[in-house]
Amino acid sequence: MIRRYWRVDGGGIAQDLPTAAAGRGLAPGEVTRLSAPRAQWLRIDSGWAGLTFGRGPFEPGGSRAGDVFLCAGQTLRVLAGSRVLIEAARGMELRFAWQR
């Protein structure tokens, strides 16, 4: 099954992503850390996600660093070697998928 999701990077280009990717969930206020050994897509299925990339503003290797907020239906390309903290924001449960 294919659903259409809005791609955050790349100037607002619509991207078809498979829905079969393994999903994960976080309770409101819960935080998890993910690492991307290779470039991947982060898809938000429900809720709001507060993302913090890197270890500070000057992440080695040119990876982005800083904060991003995404809501249900949005995706974000995560560069190889990136580290990201994901928090279920705005008091809502978060469902997301990490896919190649």
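The legends below describe close-up views of a predicted model. Local features need pLDDT of at least 70 and side-chain atom pairs count only at pLDDT 80 or more, while totals for chains, interfaces and linings use all residues. Residues are numbered from 1 along each chain as its sequence is written, and side-chain values use heavy atoms, with hydrogens and water left out.

**View 1. Strand S6 and its partners S7 and S9.** Strands are DSSP runs of E with at least two residues, numbered from the N terminus; two of them pair if DSSP finds at least two bridges between them. S6 (residues 48-53) runs antiparallel to S7 (residues 66-71), with six bridges joining them. S6 is also joined by six bridges to S9 (residues 83-89), again antiparallel. Trp-48 stands opposite Cys-71 in S7, and Gly-50 has Glu-87 in S9 as its bridge partner.

**View 2. Arg-90 over the ring of Trp-48.** The charged end of Arg-90 lies 3.8 Å from the ring centre of Trp-48. A charge sits over a ring if NZ of Lys or CZ of Arg is within 6 Å of the ring centre and within 35 degrees of the ring normal.

**View 3. Gln-99 and Arg-43.** Gln-99, in strand S10 (residues 94-99), has 6% relative accessibility and therefore counts as buried (under 20% relative accessible area; exposed is over 50%, partly exposed in between; 1.4 Å probe, protein chains only). Its side chain makes a polar contact with the side chain of Arg-43 at 3.2 Å (a pair of N or O atoms within 3.5 Å; within protein, one must be able to donate a hydrogen and the other to accept it, and residues adjacent in sequence count only if both atoms are side-chain atoms).

Conventions. Helix = DSSP H or I, 4+ residues; strand = E, 2+ residues; numbered from the N terminus.
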